Amino acid sequence: PMKPHILLAALGLLAAPAMAQDTSALVGPGDQAVVAVVPHDQLAAALAHKANSHVLTAANLAVEGNFRDKAGDPEMHTRQTDVFYITDGEATVVTGGKYAGSVSSRPNQFHGGAITGGTPHHLVKGDVIVIPAGIPHQFAEVPKTVSYYVVKVEIK
C-alpha cells in the first residue's frame, strides 16, 4: 500500500509542477533532490489545451493535465499508482473487478479489454481518487467533459 507521506508528496506536486519539466527538474548537483515550481498559469494552460499534457516527468513519477469528453478504455498499471484530482466536470470511474482481454501496450501497462464487477465512483470537481498499482480502472461515463490532473507514482 502507498505510504501517506508518498501520497502527500505526490499531491503536493499538483500545486508546483512545470510544463515539460523532466527528471533534471527534481535532481540538483550531487543527485540532491530539488523542488520544481511552476506558475498556476502554466498548469491552467495544460488543461486549456483540452488534451493530455505532460506537466512534469521524473524517474519515479509523472504529473499530467488531462481532458476527456467521452469514456475511455480500461487500463491497469502493475507498477504505477494513479492519483486523479478532478478540476472541472464529472465522470464515473470504475475500479477493480475482473479485467480480461487487455493487451500490453508497454512494460507493466495494459489497455483495452473489459472490466466486469468493478466498483463505480462518481467524481466531480474537487474530488480525488487514488488507484493503487495493479487495480484495473476505466473512465466508464463522461456525461459532458471532465478535466483532471493525474499524478503517476512508480511503485518498486
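**View 1. Arg79 and Glu154 joined by a salt bridge.** In this predicted model, Arg79 forms a salt bridge with Glu154, and the closest N and O atoms of the pair are 3.8 Å apart. Because Arg79 sits in the loop between strand 3 (75–77) and strand 4 (80–95), while Glu154 belongs to strand 12 (residues 146–154), the pair ties together parts of the chain that are 75 residues apart in sequence. Arg79 is partly exposed, with a relative accessible area of 33%, and Glu154 is likewise partly exposed, with a value of 30%.

**View 2. Lys152 and Asp82 in a salt bridge.** The side chains of Lys152 and Asp82 meet in a salt bridge, with a distance of 3.1 Å from N to O. This pair, too, links distant parts of the chain, since Lys152 lies in strand 12 and Asp82 in strand 4, 70 residues apart. Lys152 is buried, with a relative accessible area of 12%, and Asp82 is also buried, its relative accessible area being 0%. A search of the whole structure finds two salt bridges.

**View 3. The largest nonpolar core.** The largest nonpolar core has 13 residues, and those with the most contacts inside it are Leu43, Val55, Leu56, Leu61, Val63, Tyr149 and Val151. Two or more residues of this core are given by each of helix 2 (40–48), strand 1 (53–57), strand 2 (61–68) and strand 12. In soluble globular proteins, nonpolar side chains tend to be buried together.

View 4. Tyr85, Val128 and Val130 together make a nonpolar surface patch of about 210 Å². Of these residues, Val128 lies in strand 10 (residues 128–131), and, at 42% relative accessibility, Val128 counts as partly exposed.

View 5. Asn66 is buried, with a relative accessible area of 4%, and the side chain of Asn66 makes a polar contact with the side chain of Glu64 at a distance of 3.4 Å.

Technical notes
Residues are numbered from 1 along each chain as its sequence is written. This is a predicted model: local features need pLDDT of at least 70, side-chain atom pairs count only at pLDDT 80 or more; totals for chains, interfaces and linings use all residues. Side-chain values use heavy atoms; hydrogens and water are left out. A salt bridge is a side-chain nitrogen of Lys or Arg within 4 Å of a carboxyl oxygen of Asp or Glu. Helices (H or I, at least four residues) and strands (E, at least two) are DSSP runs, numbered from the N terminus. Buried means under 20% relative accessible area, exposed over 50%, partly exposed in between (1.4 Å probe, protein chains only). A nonpolar core is a set of buried Ala, Val, Leu, Ile, Met, Phe, Trp, Tyr and Cys residues joined through side-chain atoms within 4.5 Å. Patches are made of residues with over 30% relative accessible area and no salt bridge: like charges are joined within 9 Å, nonpolar side chains (Val, Leu, Ile, Met, Phe, Trp, Tyr) within 5 Å. Accessible areas come from the Shrake-Rupley method with a 1.4 Å probe; for residues, only the protein chains shown count as cover. A polar contact is a pair of N or O atoms within 3.5 Å; within protein, one must be able to donate a hydrogen and the other to accept it, and residues adjacent in sequence count only if both atoms are side-chain atoms.
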